[in-house]
Amino acid sequence: MYKIVGCLMLLFLAGSCSMEKKSIELDRPNVVFISVDDLNDWEGALMGHSQAITPNMDRLFKQGVLFTNAHSSQAVCTASRNSVLSGLDPSTTGWYSSIKDMRKNYDQVMDGHMMLPEYFRANGYNTYATGKVFHEGESDFPDKTSDFWTEYSPHFWNNMEPEIKKAGFGYRGRMFYPFPKNGGQLVQLYGEDSINNYYRQTNRFYSLCGGPLSEDEIPEKGMYDEQIASWAINKINEKHSKPFFLAVGFIRPHVPYTAPQKYFDMYNMDTLEIPSVPDNEFNDIPLMGKAIAYGYAPGGGWYNVAQKKEILPELVQAYLACVTFVDDQIGKVMEALEKSPNGKNTIIVLWSDHGQHLGEKRHFRKQALWEESTRVPLFFKVPGQKKRSVNRDQVVSLLDIYPTLVDLCGLPVSEKLQGKSLVPLLENPDVKWDKPVLSTWLYKNHAVRSDRWRYIHYRDGGEELYDHQNDPGEHVNLAGEPKFENVIMELRNYLPKYDALPAGSDEWTGDGLDRIINSWAANDSIPMWLR
């Protein structure tokens with residue numbers, strides 16, 4: 001008899017615990033996790049470009065807290081996204097560039113740890129993904145994908161129309177299509193035969209291009225970002241029995257800078273503001289910095305663009321058009337969320353994996369340690385948030401996203417995380433917050449960004465120092481001036497004490513930057529535009 005009663009009591013208690021657990025899970029907020037590829041500070045709210053038209057992001061940013069001095073841990077898609085989603089710094093993991101190499105030491109790096117969506121799934125959430133969340137979509141680790149997500153969308157770029165594929169001249173990143181019909185500015189500069197015969201298989205630098213798309217140049221079901229937005233909206237409108245984590249990865253404004261014609265019509269070429277580059281921009285830049293600016297295009301990116309005066313304005317217009325296009329897609333998702341039953345119980349985080357150069361520092365794309373490469377929008381909207389429409393100008397890192405979401409959702413603390421929860425800053429703008437953040441570009445090249453200073457230390461010993469209080473464009477390198485020696489000594493304290501070798505490597509044997517520098521030294525051939 002007592003055994004029966006005891007068993008009944010245990011069953012009752014177990015049922016009560018189960019009900020309590022379900023109640024806690026249902027009370028937890030949902031998360032809409034929006035990543036925007038290659039988005040720099042060219043939004044109205046961040047004022048990176050005075051002519052940027054971004055009404056949807058600007059409206060959203062008035063509903064929460066916008067971090068105006070946020071920086072990526074490495075300014076390239078693969079490394080940045082895996083850093084955000086793991087919560088680990090590239091100098092710790094060795095995840096600097098190659099996905100293939102990242103897969104070699106994944107189990108070692110992630111031992112006792114989980115990627116962000118996997119962690120939410122393990123703690124009672126349904127997790128969904130659409131678009132570019134990891135570099136390759138829903139996952140960079142195919143054998144782990146089912147651990148990450150409850151469900152994910154198809155790759156909308158599969159089964160691409162033949163004419164759209166043809167315009168890309170063999171560019172392998174299918175999610176980034178469509179290209180302009182003629183392949184773009186650099187294809188036309190070099191000639192289609194040269195691209196097909198000499199570069200198509202080895203160096204697809206010609207993706208740096210842009211232009212408007214007519215209706216017949218757009219996929220039948222719409223631009224891939226439009227399809228990503230539609231999938232996300234359908235998921236938001238479903239009835240949910242558990243809290244959800246929905247990752248929405250928009251692809252534009254990644255190259256090629258293409259969007260429907262109407263977005264180009266919003267920017268008048270005759271009055272467009274173009275980034276200004278001083279003639280002596282590279283007088284005080286160390287050799288490694290010059291190699292980074294050179295990039296991987298034949299002759300160097302700046303050299304190519306400068307061959308025709310119309311190319312740079314066309315790229316600026318095209319980038320802005322893509323920013324406005326993706327702003328519209330964000331607006332669609334936000335409108336659906338606001339109208340849904342989940343609108344009032346959902347955290348929104350919006351971020352970009354890194355910035356983008358449009359000629360600043362005579363550089364294009366990302367993959368550098370200067371401000372235009374590392375600075376990104378980072379925004380949080382939290383249910384019940386008392387302070388809204390506020391900006392925080394303290395320096396923060398994208399590494400802080402993972403611990404912030406764990407904190408906001410009341411999940412157990414994950415011990416290996418290397419970022420810092422931003423909840424204190426969300427609640428109190430006056431809280432002390434003065435730790436600089438680290439950005440890396442490849443092995444042992446680092447930038448330390450404080451509220452005022454940017455310090456760059458290259459692996460060959462070269463240094464740069466910029467005072468953002470007086471030189472926000474980073475035009476004057478102060479590293480050689482004795483009066484700033486104490487500033488440099490202080491910022492050096494935030495460089496990694498240990499740099500992991502690139503994943504899959506047993507020793508350091510150099511990389512493309514070293515090969516560029518060695519070639520220059522052997523032939524005394526630093527390009528004039530970098531001197």
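1. Pro256 sits in the loop between strand E6 (244-250) and strand E7 (257-260); here helices (H or I, at least four residues) and strands (E, at least two) are DSSP runs, numbered from the N terminus. The peptide bond that joins Val255 and Pro256 is cis, with omega about -5°. This is a predicted model, in which local features need pLDDT of at least 70 and side-chain atom pairs count only at pLDDT 80 or more, while totals for chains, interfaces and linings use all residues. Residues are numbered from 1 along each chain as its sequence is written, and side-chain values use heavy atoms, with hydrogens and water left out.

2. Another cis peptide bond runs from Tyr177 to Pro178, with omega near 5°. Pro178 belongs to the loop between helix H9 (162-166) and helix H10 (185-190). Tyr177 also forms an aromatic pair with Phe179, 5.1 Å centre to centre and with 65° between the planes, which is edge-to-face. (Rings of Phe, Tyr and Trp, the last by its six-membered ring, pair if their centres lie within 6.5 Å; planes under 30 degrees apart count as stacked, over 60 as edge-to-face and the rest as tilted.) Tyr177 is buried, at a relative accessible area of 3%, and Phe179 is buried at 2%. (Buried means under 20% relative accessible area, exposed over 50%, and partly exposed in between, with a 1.4 Å probe and protein chains only.)

3. The loop between H9 and H10 also holds Phe169. Phi of Phe169 is near 50°, a positive value in a residue other than glycine. Phe169 is buried, with a relative accessible area of 8%. Asp38, likewise not a glycine, has a positive phi near 65°. Asp38 lies in the loop between strand E1 (30-36) and helix H2 (55-61), and is buried at 0% relative accessible area.

4. On the overall build, the protein has 21 helices and 17 strands. Its C-alpha atoms fill a box of roughly 95 × 60 × 45 Å, taken along the principal axes. The radius of gyration is 24 Å, which agrees with the value near 24 Å that a compact globule of 531 residues would have. (That radius is taken over C-alpha atoms, and the globule rule is 2.2 Å times the number of residues to the power 0.38.) Buried residues make up 59% of the 531 residues.

5. Of the contacts with a separation of 6 or more, 73% are between residues 24 or more positions apart; contact means heavy atoms within 4.5 Å. The protein exposes about 22,800 Å², and carbon and sulfur atoms supply 50% of it. (Accessible areas come from the Shrake-Rupley method with a 1.4 Å probe; for residues, only the protein chains shown count as cover.)

6. In soluble globular proteins, nonpolar side chains tend to be buried together. The largest nonpolar core here has 153 residues, and those with the most contacts inside it include Phe33, Phe67, Trp370 and Leu378. (A nonpolar core is a set of buried Ala, Val, Leu, Ile, Met, Phe, Trp, Tyr and Cys residues joined through side-chain atoms within 4.5 Å.) Helix H16 (residues 311-339) gives the most to this core, with 17 residues. A second, separate core of eleven residues includes Trp453, Tyr455, Phe484 and Leu491.

7. Leu425 has its place in helix H19 (residues 423-427). At 0% relative accessibility, Leu425 counts as buried. Setting aside neighbours within four places in sequence, Leu425 is in contact with Phe67, Arg392, Gln394, Val396, Val431 and Trp433. Leu425 and Leu399 are 26 residues apart in sequence and 15 Å apart in space, C-alpha to C-alpha.

8. A search of the whole structure finds 31 aromatic pairs. The rings of Tyr96 and Tyr443 have centres 6.3 Å apart and planes at 70°, so this pair is edge-to-face. Tyr96 lies in the loop between helix H4 (90-93) and helix H5 (99-104), and Tyr443 in the loop between strand E14 (437-440) and strand E15 (446-449), so the pair ties together parts that are 347 residues apart in sequence. Both Tyr96 and Tyr443 are buried. Elsewhere, ring pairs link Phe33, Phe120, Tyr125, Trp149, Phe245 and Trp351 into a cluster.

9. Two lysines are placed over rings. The charged end of Lys235 sits over the ring of Tyr128, 4.6 Å from its centre. Lys420 lies over the face of Trp433, at 4.2 Å from the ring centre. (A charge sits over a ring if NZ of Lys or CZ of Arg is within 6 Å of the ring centre and within 35 degrees of the ring normal.)
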